[in-house]
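Hello,

Here is the structure I said I would pass on. Please open it alongside this note, and my findings follow below.

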Amino acid sequence: MADKKNILTYEGLRLLEEEIQDLKVNRRKEVAQKIKEAREQGDLSENAEYDAAKDEQREIEARIEEIDKILKNAEVVVEDEVEVDVINIGCKVRILDLEYNDEMEYKIVGSTEANSLKGKISNESPVGKALIGARIGDIVNVETHSGMLQYKILEIQKSN
């Protein structure tokens, strides 16, 4: 079975590359030093520092493996080439919640980069799915567990 493509913006790609570089270059050395210092304390069977450092080492290696998989299957959206006549990944959109008359702005990204606290929603989320392909002036319906939401598309722009 083929791995799922991880859709990333250039910003998302850059952040993952920086993170993996930091993990490989800095964090591995830091944890190796912690393990070395804990070993020097003697008996490892009751050495909490050693156990904690080994756990941290496992977490670092797992994250490196996770990022490697993401990058191996990455498909980067060229945001300069994103068309702004319809909503797609890499667009920034301004929408109006018709029930609460509340304007919101989101950047549509792949699921790997999604972070609602930073205004980045996944193309795979209910709202993201509903917005993809919509045009300015369209009203989109989003079915959620709490009921139907309606948004009017006010603006579509390139995100960079």
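**The sheet**

Five strands make an open sheet in the order β5-β4-β3-β7-β6, and the pairing is mixed. The edge strands, pairing on one side only, are β5 (120–122) and β6 (139–144). From one strand to the next, the twist averages 45°.

Some ground rules. This is a predicted model, in which local features need pLDDT of at least 70 and side-chain atom pairs count only at pLDDT 80 or more, while totals for chains, interfaces and linings use all residues. Residues are numbered from 1 along each chain as its sequence is written, and side-chain values use heavy atoms, with hydrogens and water left out. Helices (H or I, at least four residues) and strands (E, at least two) are DSSP runs, numbered from the N terminus. Two strands pair if DSSP finds at least two bridges between them.

**Strand pairs**

Strands of a sheet pair through backbone hydrogen bonds, either parallel or antiparallel. Both kinds occur here, as the sheet is mixed.

- β6 and β7 (residues 147–158) are antiparallel, with 6 bridges. They form a hairpin with 2 residues between them. Asn141 stands opposite Gln150 in β7. Val142 has Leu149 of β7 as its bridge partner.
- β3 and β4 are also paired in the antiparallel sense, over 6 bridges. Their hairpin has 4 residues between the strands. Leu96 stands opposite Glu103 in β4.
- β4 and β5 pair in the parallel sense over 3 bridges. Val109 has its bridge partner, Ser122, in β5.

**The helix pair**

Helix α1 (residues 10–39) packs against helix α2 (residues 48–72) at an angle of about 160°, and their axes are 9 Å apart. α1 is therefore roughly antiparallel to α2. The term covers angles over 145 degrees; under 35 is roughly parallel, 65 to 115 roughly perpendicular and the rest oblique. Axes are lines fitted to C-alpha atoms, for helices over the stretch in contact, and angles run from 0 to 180 degrees between N-to-C directions.

The contact of α1 with α2 has 14 nonpolar, 1 polar and 13 charged residues. Here Ala, Val, Leu, Ile, Met, Phe, Trp, Tyr, Cys and Pro count as nonpolar, Asp, Glu, Lys and Arg as charged, and the others, Gly among them, as polar.

Buried means under 20% relative accessible area, exposed over 50%, and partly exposed in between (1.4 Å probe, protein chains only).

Start with Asn101. It sits in the loop between β3 (91–97) and β4 (102–109). Asn101 is exposed, because its relative accessible area is 60%.

Next, Asn123. Its place is the loop between β5 and α3 (126–131). Its relative accessible area is 16%, so Asn123 is buried. Which residues does Asn123 contact, leaving aside its neighbours within four places in sequence? They are Ile7, Ile89, Ile108, Val109, Gly110, Ser111, Gly128, Lys129 and Ile132. Contact means heavy atoms within 4.5 Å.

Last, Ser159. It lies in the segment after β7. Ser159 has 12% relative accessibility and so counts as buried. Ser159 and Gly90 are 69 residues apart in sequence, with their C-alpha atoms 6.2 Å apart in space.

Best wishes
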